[in-house]
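Here is a short briefing on a sheet and its strand pairings. Look over the sequence and the model before reading on.

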Amino acid sequence: MKRIFVILTIGFLFVLVGCSQTGTEKNGSNAMMVVVNNNEYTGTEDKLDKTKQLGEKISKVTKKTKANEVPKENDQSNYFKVGSQIYAVKGTEDYIIVIDKDNKKWLLKKVIKRE
């Protein structure tokens with residue numbers, strides 16, 4: 001019985017250590033982010049449906065930062081490759097649509113900055 005308890009405890013410790021985040025930067029992020037027109041947009045669980053129609057092209061990604069780095073300048077992303085197209089969503093400034101190099105559409109939501 002003690003042997004099983006020891007094995008389970010060691011297994012739990014391995015899982016716990018494996019899931020911890022070490023080596024991340026203090027201000028880092030792993031969220032999907034894009035900066036466009038001085039606004040920060042991040043991935044959302046909101047659905048890209050008929051209420052969020054593709055508007056006009058507003059920009060494209062010109063610089064890709066590291067995945068854990070927060071993009072700071074316009075047309076930068078920590079997720080999308082250079083050349084990915086950025087579109088407005090008709091009728092709202094709360095969202096953008098990014099079409100990546102594989103032609104997959106991604107909906108991103110504007111980050112509301114609290115001061």
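The points below cover the sheet as a whole, then its strands and their partners.

This is a predicted model. Eight strands make up an open sheet with mixed pairing. Their order is β3-β6-β7-β8-β2-β1-β5-β4.

**Sheet edges**
- β3 (54-60) and β4 (63-64) are the edge strands.
- Each has a single partner strand, so one side of each has no neighbour in the sheet.
- β3 pairs with β6 (residues 85-89) in the antiparallel sense, over four bridges.
- Within β6, Val-89 lies opposite Leu-54.

**Strand β1 and its two faces**
- In a regular strand, side chains alternate between the two faces of the sheet.
- Strand β1 spans residues 33-36, and both of its faces are covered.
- Met-33 and Val-35 are buried on one side.
- Val-34 and Val-36 are buried on the other.

**Partners of β1**
- Strands of a sheet pair through backbone hydrogen bonds, either parallel or antiparallel.
- β1 and β2 (residues 39-43) run antiparallel and are joined by four bridges.
- Glu-40 in β2 stands opposite Val-35.
- β1 also pairs with β5 (residues 76-77), again antiparallel, over two bridges.
- Gln-76 in β5 is the bridge partner of Val-35.

**The β1-β2 hairpin**
- Two residues lie between the strands of this hairpin.
- Asn-37 adopts a positive phi near 50° there.

Technical notes:
Residues are numbered from 1 along each chain as its sequence is written. This is a predicted model: local features need pLDDT of at least 70, side-chain atom pairs count only at pLDDT 80 or more; totals for chains, interfaces and linings use all residues. Side-chain values use heavy atoms; hydrogens and water are left out. Buried means under 20% relative accessible area, exposed over 50%, partly exposed in between (1.4 Å probe, protein chains only). Two strands pair if DSSP finds at least two bridges between them.
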